[in-house]
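Please have the viewer open as you read.

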Amino acid sequence: MPQIDFDPAHKKNGFVEFDKLKLKKDERARILVIEKPTYAYVHDLRKPKIIDGQPVKVWRDKRGNSGEKEEVYDLDFVGRPLCLGDLTVIEEKGLDENNCPACARARKNDDVDPPTRRFAMNVIKYALRADGTLVQPFSCQCVVWNFTEKKFNDLVGVAAEHEGLVGVDLVLGPCVSETFQNFPIQGSPRHFWKNNEETQRIVKETYEANRIADLEATCGRRQDKRFMEYDIDSIIEAWRIVNGGGSPEPATSLVGSEGKASAYRPMAMSDSSSVGSGNFGDSMAALVNDAKPAPAADTKDTPNGTALTHNEPAAADAMNFEDLLNRLNN
Ligand SMILES: [Zn+2]
């Protein structure tokens with residue numbers, strides 16, 4: 001095992017603490033989309049599980065719902081680092097082997113997958129009673145929704161029906177699989193946040209006070225290049241053991257497509273993706289901050305001109321808020 005200095009650069013951190021949108025089995029939820037998503041390219045790193053020097057196998061259903069089972073190597077989750085490649089290069093070539101060790105390995109051998117997009121956005125989750133109606137008094141939470149390419153495509157469909165998603169209530173669930181966060185998504189014709197000025201104010205304040213700015217860090221781990229290489233070496237070594245040992249390079253090159261095709265890769269993990277462009281210029285927060293200062297009459301109540309006021313000007317501000325949303329949707 002290599003030695004290492006106590007250097008901050010070697011910390012395996014890069015994770016941010018955040019509340020995430022996660023549904024339990026059969027659970028439903030209602031959320032408000034309040035900003036456009038960010039995305040980051042990530043590598044989903046897995047390796048064969050080795051116990052007592054032997055690879056572990058598991059049975060799983062064959063693809064295509066044939067009902068047949070097949071025995072495959074059980075895979076351990078190694079990590080989900082953010083791809084170190086250049087975004088332009090990845091979007092053009094699918095990977096960036098010159099800047100990212102995982103991409104370089106993916107180019108050479110499919111024991112490592114090319115990067116995939118993983119998406120993230122802050123959403124407002126309404127506090128609901130069991131019957132799906134709002135709890136009283138009105139309450140909500142700002143959480144991060146991370147999702148994969150497949151869900152992004154689902155949301156594109158919903159967005160088409162609603163001419164955009166920002167400002168739209170989505171009804172989620174019931175959740176089919178907690179592990180894969182598999183649940184139907186429907187746009188609602190009614191938006192709870194619009195109920196009255198009070199709900200608008202609470203939603204806005206909850207979002208502004210609790211949103212995660214660094215969404216990219218919720219998509220994958222920011223990993224030092226050397227740590228990424230270390231993880232990749234461990235993947236190569238595990239596959240070398242699976243293939244009966246021998247010298248590392250010939251063995252790993254043999255793993256090739258056979259190893260990957262038989263590997264157990266849960267779909268929800270393998271199609272994970274996305275980037276974080278920090279695209280808050282499109283977010284409601286940015287728009288709110290752009291809002292005109294409140295009229296002089298209530299300046300003393302809203303010194304920064306961004307908070308909704310509690311008296312007459314509130315109605316005007318609330319309307320501006322809606323106008324801003326409308327603008328967002330256009
Ligand atoms: Zn990469």
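In which strand is Arg46 found?

## Arg46 and how to read the model

Arg46 is found in strand β3, residues 45–48. Strands (E, at least two residues) and helices (H or I, at least four) are DSSP runs, numbered from the N terminus. Residues are numbered from 1 along each chain as its sequence is written. Please keep in mind that this is a predicted model: local features need pLDDT of at least 70, side-chain atom pairs count only at pLDDT 80 or more, and totals for chains, interfaces and linings use all residues.

Is Arg46 buried or exposed? Arg46 is buried, because 25 other C-beta atoms lie within 10 Å. The cut-offs are 20 or more other C-beta atoms within 10 Å for buried, 12 or fewer for exposed, and partly exposed in between, with C-beta atoms placed from the backbone. The C-alpha atoms of Arg46 and Arg80 are 8.9 Å apart, although 34 residues separate the two along the chain.

## The largest nonpolar core

A nonpolar core is a set of buried Ala, Val, Leu, Ile, Met, Phe, Trp, Tyr and Cys residues joined through C-beta atoms within 7 Å. The largest one here has 54 residues, and those touching the most other members include Ile31, Val33, Cys83, Ala102 and Val123. Among the elements giving it two or more residues are β1 (29–33), β9 (116–126), α2 (101–108) and α6 (225–242). The most comes from α6, with seven residues.

Beyond its neighbours within four places in sequence, Val123 has contacts that include Leu21, Ile31, Val143 and Trp145; a contact here means C-beta atoms, placed from the backbone, within 7 Å.

## Where α2 meets α6

The buried residues of α2 pack against α6; in α2 these are Pro101, Ala102, Cys103, Arg105 and Ala106. The axes of the two helices come within 9 Å and cross at roughly 35°. Axes are lines fitted to C-alpha atoms, for helices over the stretch in contact, with angles from 0 to 180 degrees between N-to-C directions. Pro101, Ala102 and Arg105 of α2 meet Lys225, Met228, Glu229 and Ile232 of α6.

Most residues other than glycine have a negative phi, and most peptide bonds are trans. Two bonds to look up are Gln136 to Pro137, cis with omega near 0°, and Gly173 to Pro174, cis with omega near 5°. Pro137 is found in the loop between β9 and β10.

Asp26, in the segment before β1, has a positive phi near 70°. Asp26 is exposed, because it has 11 other C-beta atoms within 10 Å.

Methods. Two residues are in contact if their C-beta atoms, placed from the backbone, lie within 7 Å.
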